[in-house]
Amino acid sequence: MLRIEGMNTHYGASHVLQGVDLDMPQGRISAVLGRNGVGKTTMVKTIMGLVALSAGRVAIGDTDITGWPPHLVARAGVAYVPEGRLIFPDLTVIENIKVGEREARNGRGRKWPLPRLLELFPSLRERSANRGSQLSGGEQQMLAIARALVSDPKVMLLDEPSQGLAPLVVRELARVIQLLRDEGVTILLVEQNMKLAEAVADELHIMVKGRMVYSATPAVFRAEEDQIRARFLTV
Ligand SMILES: Nc1ncnc2c1ncn2[C@@H]1O[C@H](COP(=O)(O)OP(=O)(O)OP(=O)(O)O)[C@@H](O)[C@H]1O
Ligand SMILES: [Mg+2]
């Protein structure tokens, strides 16, 4: 569904992505793990067209979206939930979701109407009149996902959604991510939280210095975990 081939990205003279290949099957959760600074966020931003690629190719299904600007990538069905969530602190929960609706005026977006979103995220329903700044980290994360769903995405890119969340909230997040997958959304999950990635992902990938160096199912990964962790993940 989402295919990346030979993705190269530079920041000035700094060559961050050095030929990333990733093939994400439709309706599956693909997790990308990797130490700080290896280029995970850069990969996600390059997919979205927020950072220019210097070589390589990105496709959604049969559509080549290489070099497309962010609004067209979004229109092609890709939603992005950035690291740090970036919800609007002064808008209420409902208003934050409506911002997503405004951005989604393109014929898509009927699959996740507001009542359905509030059913999916009970904590948001209770807090629907609260401002973004009054929400807990977990509620903000759910709101960021809810807002991204409004556009009825085919592919959702989640950049470290569990960051700073308590274990109980991470479990709720895992439930939501799996539910979205079961609804047919193809998910790219960038995570430092290996437990979450192992628990929900259908495929695990590890990035080192701007390249994918390892791919496996969680079951295979678990069998080799200590070795792989020491080689590619622990600092
Ligand atoms: N806008 C930028 N300009 C210049 N260099 C950048 C920029 N953004 C990121 N970098 C550098 O690119 C490299 C990859 O950063 P990136 O944020 O993609 O890593 P990451 O894997 O997401 O890390 P983390 O796990 O800490 O989120 C780092 O060395 C970072 O310092
Ligand atoms: Mg990052």
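**Helix packing, domains and a ligand shell**

Biologist: At roughly what angle do the axes of helix α6 and helix α7 cross?
Modeller: Keep in mind that this is a predicted model. Helix α6 covers residues 137-149 and helix α7 covers residues 167-182, and their axes come within 10 Å. The crossing angle is roughly 15 degrees.

Biologist: Are α6 and α7 roughly parallel or antiparallel to each other?
Modeller: Their axes cross at roughly 15 degrees. Angles under 35 degrees count as roughly parallel. So α6 and α7 are roughly parallel.

Biologist: Which residues in α7 are met by Gly138, Gln141, Met142 and Ile145 in α6?
Modeller: α6 passes α7 in a right-handed crossing. By class, that contact has 5 nonpolar, 2 polar and 1 charged residues. On the α7 side, the residues met are Val169, Glu172, Leu173 and Val176.

Biologist: How many residues does the contact take from domain 1 and from domain 2?
Modeller: Domain 1 is 1-77 + 154-166 + 175-235, while domain 2 is 87-146. Their centres, taken over C-alpha atoms, are 24 Å apart. The contact takes 5 residues from domain 1 and 7 residues from domain 2.

Biologist: Moving to the ligand, which element gives the largest share of the shell around ligand 1?
Modeller: The residues around ligand 1 include Tyr11, Gly37, Lys40, Thr41 and Thr42. By class, the shell divides into 3 nonpolar, 7 polar and 1 charged. β2 (14-24) and α1 (40-48) each supply at least two residues. The largest share, 3 residues, comes from α1.

Definitions and conventions
Residues are numbered from 1 along each chain as its sequence is written. Chains are lettered from A and ligands numbered from 1 in the order in which they are written. This is a predicted model: local features need pLDDT of at least 70, side-chain atom pairs count only at pLDDT 80 or more; totals for chains, interfaces and linings use all residues. Axes are lines fitted to C-alpha atoms, for helices over the stretch in contact, and angles run from 0 to 180 degrees between N-to-C directions. Helices (H or I, at least four residues) and strands (E, at least two) are DSSP runs, numbered from the N terminus. Angles under 35 degrees count as roughly parallel, over 145 as roughly antiparallel, 65 to 115 as roughly perpendicular and the rest as oblique. A crossing is left-handed if the near helix is turned anticlockwise from the far one by less than a right angle, and right-handed if clockwise. Two residues are in contact if their C-beta atoms, placed from the backbone, lie within 7 Å. Ala, Val, Leu, Ile, Met, Phe, Trp, Tyr, Cys and Pro count as nonpolar, Asp, Glu, Lys and Arg as charged, and the others, Gly among them, as polar. Domain bounds come from an automatic or database domain assignment. A residue is near a molecule or strand if its C-beta atom, placed from the backbone, lies within 6 Å of it.
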